[in-house]
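Let's take a friendly walk through this model together. Have the sequence and the 3D view open as you read.

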Amino acid sequence: MRSDSSGPRLLLRRIRELMAEPLQPQARLDEIVRQIAANMVAEVCSLYVLRSDGVLELYATEGLNPGAVHLAQLRLGEGLVGTIAATARPLNLPEAQKHPAFTYLPETGEEMFNSFLGVPILRAGRTLGVLDVQNKAKRVYRDEELEALETVAMVVAEMIAAGSLEGLSRPGVQLDLTRPVSFRGTALSEGIGLGHVILHEPRVVVTNLFNEDVDSEIERLERSLGYLRISIEDMLARRDIAGEGEHRAVLEAYRMFAHDRGWVRRLEEAIRNGLTAEAAVEKVQSDMRARMMHMTDPYIRERLHDFDDLAHRLLRQLMGRGEGGVMEDGPQDGIIVARSMGAAELLDYRRDRIRGLVLEEGAPTSHVVIVARALGVPVVGQVKGAVSMSENRDEVIIDGDDGGVHLRPPADVQTVFAEKVRFRAKRQEQYRLLRDAPAVTQDGVAVDLLMNAGLMVDLPQLDAAGAAGIGLFRTELQFMIASAMPKVSEQEHLYSAVLDAAGTKPVTFRTLDVGGDKLLPYLHQSPEENPALGYRAIRIALDRPALMRTQLRALLKAAGGRELKIMFPMVTELSEIHRARELIARELRHLTKFGHIMPRRLKLGVMIEVPSLLFQLDELMELVDFVSVGSNDLFQFFSAVDRGNTQIATRFDDLSPPFLRALKSIVQAGERHSVPVTLCGEMAGKPLTAMALLGLGFRSISMTPSAIGPVKAMLVALDAGKLAQAMDQHIASRHRSQTMRELLQGFAEAHAIPY
Ligand code: PEP
Ligand code: MG
């Protein structure tokens, strides 16, 4: 038996030469297994490919009966090969027959062999097949041989992914990589989209697998690791790219991993075995992913995500690709597939090229979801495994109505969805017809249906959706998508464009609501343990009067001669309102002194988002011209449930009696003081929850523009008085046989109300 340690390197060199030769795919596979067998002095080398029906089919062999090629089959989990595919782990066995999974395939004549070494063919953590060698003698294959076999498996994985193996088997056989897959996630933004995958962080495709010179490759790795570590230190200092929540802990973990000796050692080993630095990163990551994918411990899975991100960054560094980002030459009908995403990142894409967004994470009130809804982009969240199962440009259908995602859908599924899209278009047409009808219930209650907005792109929706005005203008969006603090003139420009677009319809501007999960890259904030409860919104604004005064000045100037409504977010105590008023008064004095035209009328309001206001409603109403309930945050603080935490996002119901009682107390306080009350959280935009709000007495609600049609269709069919009675009874009752949600659904169905 050969013990020359250059054997594996020779093999890799031979495979590289082979890949450059003009061979037919089957001939290339045959030659690959022949070379492996020769190099490893194995009597047998076989290659199995996983089909879409879960069967591993023999695609090439050296040493087994050649007549078995494309005939011999194993199920996933069956035999040694099936076990490797099912577990994504290699097997190295001196006496294969003693392994409990050993089975005998008569057509291959393999019973004479004792030792067995098999490795999974992996790509992005997915198993695509198995490559093995067998010997008559009882031998233990060396680690270098295992490494070499794994590396050849990577080459084969690329051939499979490139589609080179299609059509080698019998007609009709589909490979697993092209298998249709359906996922069930959480519907986060309605609508149906048919299109092609854009992987948000496109996996960098490593094309150069084999190194020419180990030392220079290790040097390259060291250099890139150095850059990677510096970039992480930068992140830790600036905190400007952290995703949702827990920024600090995540980045600290990144730092730890970037210095992880075990990781670096494995990378170096892979390079010594002949790989380029980037191929080494891909290989080590693929092994780790395959090993950890089966673990259910959420902590370990999260760490795996961190390692994945880190490996991506290192790959981009090695391949000179900067920070990744938007695919410029992407499809015209893109459906973005991402693990998670920030609101600003979504806005990097051209709206006219996006048909949907699939997230492995994502909660109903994540900001990317709110922005997507504003843009009318369907979103499905909580789609586990979407990223690793997708390839750029795969066909995909997203159903934002019921949470389905269909990857590589068969023709009949496509037909069904194309029909659904036509049906939706018809329904949209009905909403359009309703657009100019008054928003009045069956029993004559008029309701203001307002829209939420934040960017120029939202403005045409005012007319298109038939909104009665803008109930919430989120001014921070302009700040979030800018790379530097917008100047007064830029802010003024946006605000006057909004007022121009609204004409006689009212607009409520909310002052900057940053901090928490809305971070501005250019505004330094110290790390916080609980950002949602921390330094944010009006708390920052009152401490940094220059920031607030700049914005107030822009608003006052933009509204010269017109009515201006300003409201403050995250107010906790009344003294904050007094202080905000003082700032406005100062700004008014300043502008008057310089002869600016003042707004015709100025109305000041606050958002009710912090439960402390619920217990001082009368005092509050005496201080303000209007209030608006931010039910997203109010519910978050009322129920102690992090609005961005996907584990608990759907656990507590915002239609529960205690929360509805709180909402009702706000409506009643407004009535007592004749102060207009609006609600502008996500509850306003879903027909069923909006119906509950009408039952509680809300007469003004503000929502994402695309929700106005469905909410109006509900409203015009509703008898608000009857509903109020049913809800009051339920809220007051101590013995409930059903939930409020069930009651509302029953009520809607009994009265033919669309919801
Ligand atoms: C809310 O909290 O309900 C709200 C409308 O504000 P935002 O979602 O922007 O925090
Ligand atoms: Mg809020």
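## Around the ligand

By class, the shell around ligand 1 holds three nonpolar, four polar and seven charged residues. Here Ala, Val, Leu, Ile, Met, Phe, Trp, Tyr, Cys and Pro count as nonpolar, Asp, Glu, Lys and Arg as charged, and the others, Gly among them, as polar. Of the 14 residues around the ligand, Arg474, Arg510, Gly630, Asn632 and Arg643 come nearest; a residue is near if one of its heavy atoms lies within 4 Å. β16 (470-474) and α21 (631-639) each supply at least two shell residues, and α21 gives the most, with three.

Now for the polar contacts, which are pairs of N or O atoms within 3.5 Å; within protein, one must be able to donate a hydrogen and the other to accept it, and residues adjacent in sequence count only if both atoms are side-chain atoms. An oxygen atom of ligand 1 is 2.9 Å from a side-chain N or O atom of arginine 643. Backbone N or O atoms also take part, with that of aspartate 633 lying 3.0 Å from a ligand oxygen and that of glycine 630 lying 3.4 Å from one. Taken alone, ligand 1 exposes 290 Å², and the protein buries 100% of that (accessible areas by the Shrake-Rupley method with a 1.4 Å probe; for residues, only the protein chains shown count as cover).

## How to read the model

This is a predicted model, in which local features need pLDDT of at least 70 and side-chain atom pairs count only at pLDDT 80 or more, while totals for chains, interfaces and linings use all residues. Residues are numbered from 1 along each chain as its sequence is written, chains are lettered from A and ligands numbered from 1 in the order in which they are written, and side-chain values use heavy atoms, leaving out hydrogens and water.

## The six-stranded sheet

Six strands form an open antiparallel sheet in the order β3-β2-β1-β6-β5-β4. Strands (E, at least two residues) and helices (H or I, at least four) are DSSP runs, numbered from the N terminus, and two strands pair if DSSP finds at least two bridges between them. β3 (73-75) and β4 (91-93) are the edge strands, each with a single partner, so one side of each lacks a neighbour in the sheet.

Within this sheet, β1 (44-50) and β2 (55-62) pair over six bridges, and valine 49 has glutamate 57 in β2 as its bridge partner.

## The eight-stranded sheet

Another open sheet, with mixed pairing, has eight strands in the order β7-β14-β13-β9-β10-β11-β12-β8. Three bridges join β8 to the antiparallel strand β12 (379-381), where valine 380 is the bridge partner of alanine 187.
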